[in-house]
Number of protein chains: 2
Amino acid sequence: MDIDHLLEQTAWFKGLSAPNRETVAAACLRRRVKKKEIVFLEGDRGESLFLLAQGSIRLYKAGPGGREAIIRIVKPGEIFAEVILFEKDRYPVTSVALKDSILYALPRAKFHEMLKGEDFRRDFIRLLLEKHRYLTERIVSLTSYDVETRLFRFLRDQFGELEEITPGMSKKDVANAVGAMPETFSRLLMKLRRAGALKWEDRVIRLKKGFWKKTEF
Amino acid sequence: MDIDHLLEQTAWFKGLSAPNRETVAAACLRRRVKKKEIVFLEGDRGESLFLLAQGSIRLYKAGPGGREAIIRIVKPGEIFAEVILFEKDRYPVTSVALKDSILYALPRAKFHEMLKGEDFRRDFIRLLLEKHRYLTERIVSLTSYDVETRLFRFLRDQFGELEEITPGMSKKDVANAVGAMPETFSRLLMKLRRAGALKWEDRVIRLKKGFWKKTEF
DNA sequence: AAGATTCCTTGATTCAGGTCAAGAAACTGT
DNA sequence: ACAGTTTCTTGACCTGAATCAAGGAATCTT
């Protein structure tokens, strides 16, 4: 996917005028990362925010004793590390590729320039508010729902209400994303398989037919 | 405290030019709320964001079965409900006064107008990014620390590293803010008192001398 | 000041999910 | 195809915190 095309279909870059978009495209540095490669570490200095073109990126933050709390999983078309814009010059989270990915680094100065455009600015603020809401929902989710519910919410949010999902990441990673230990997660999957609700084999998750209809979160 | 004076000393309103500030002041609707009074409910339609002048406001979101997850506690000088700006016309959380409070309602249209000012905009985006970081930290806190640690972090964040704190809210509210049940919280306080680390009597929390020095979070 | 709420404490009990351990299975690079 | 990782599963066990229950303290109301 080339950068120009990507920007065109990226939710809030597409509002840009064509020349504006070209400015962005020109300023972007394309970067490929392999699965498991780290894009930046928590605490790293940086000057750029990123736009994910292909693949999937996990953002997490270290807790005490190597524990990690997943902040979110970035999907293609989304940007991440916007915090670098004003806040400080260090990334507050670590980002690592869940699969081979392609991303574009957009220097902060360039972005500031773009923020002069009224439409762009509006979209950007909207985007921030959206993330804001997402994070508050995540807090509710982590504090008031159990692992099982969190799993289903994760699947719905991330892939939609499909009966067949190819998550493209390991069970361990999903466990992590729903905030559970691998062992706990494994046991949960076993329980669900026995109950006939879901099975995860050969990288594919199969939900029971009509599963989503009945569920209420 | 009058509105003009308030704006002057509010972190990111103070950057406004005097005439700009007057515009805001003129557009603001002063509102008093009594302790326990609800400012708006999750799901309510609304047009305004709020600036807290005096008092303390609790923002929370309902989980399943009446459970509530505290999103944050607003302190004087801070704004809340910014989400109303673009996102949608309904508040995503409930806000209730923890004490008698004074706040100013700022209509969204007016705010949009203000966003045309470059400085103001910059500050606003910075503010959003700050909250963003706060929320991600909250996620880490809730998922990787136990209630005790969360309590100390809460106290530090909210009141600073003092040896004597007057939280101005009930134990129940603090319990809630750190994501614990009142019973659990009560037991924790008992444990800490016995250990000589902290006692909470007559609305005042007294930490052991030098307490904050040693702690590491 | 009595009555009604709401808040706080303490006890007993339960449970989801974390921890430790140790194989089995699935990938990885060479 | 093989050794070497990493991931996955399963078992035994533990524990922090929720739940249920119930009495006492504080606060608000009239």
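Guide: Two residues are in contact if their C-beta atoms, placed from the backbone, lie within 7 Å. This is a predicted model, where local features need pLDDT of at least 70, side-chain atom pairs count only at pLDDT 80 or more, and totals for chains, interfaces and linings use all residues. Residues are numbered from 1 along each chain as its sequence is written, and chains are lettered from A and ligands numbered from 1 in the order in which they are written.

Visitor: Which residues does A:Gly179 touch?
Guide: A:Gly179 sits in the loop between α6 (171–177) and α7 of chain A; helices (H or I, at least four residues) and strands (E, at least two) are DSSP runs, numbered from the N terminus. Leaving out residues up to four places away in sequence, A:Gly179 touches A:Leu142, A:Arg150 and B:Thr143.

Visitor: Is A:Gly179 buried or exposed?
Guide: A residue is buried if 20 or more other C-beta atoms lie within 10 Å of its own, exposed if 12 or fewer, and partly exposed in between, with C-beta atoms placed from the backbone. A:Gly179 has 22 other C-beta atoms within 10 Å, so A:Gly179 is buried.

Visitor: Which element gives the largest share of the side of chain A that touches chain B?
Guide: The contact takes 33 residues from chain A and 33 residues from chain B. On the chain A side, β5 (68–74) and α4 (118–144) each supply at least two residues. The largest share, 18 residues, comes from α4(A).

Visitor: Which element gives the largest share of the surface near DNA strand C?
Guide: A residue is near a strand if its C-beta atom, placed from the backbone, lies within 6 Å of it. Of the 15 residues around DNA strand C, those that come nearest are A:Asp146, A:Thr184, B:Ser170, B:Lys171 and B:Lys172. The largest share of this surface, 6 residues, comes from α7(B).

Visitor: And which element gives the largest share near DNA strand D?
Guide: Around DNA strand D there are 15 residues, the closest being A:Ser170, A:Lys171, A:Lys172, B:Asp146 and B:Thr184. The largest share of the surface near DNA strand D, 6 residues, comes from α7(A).
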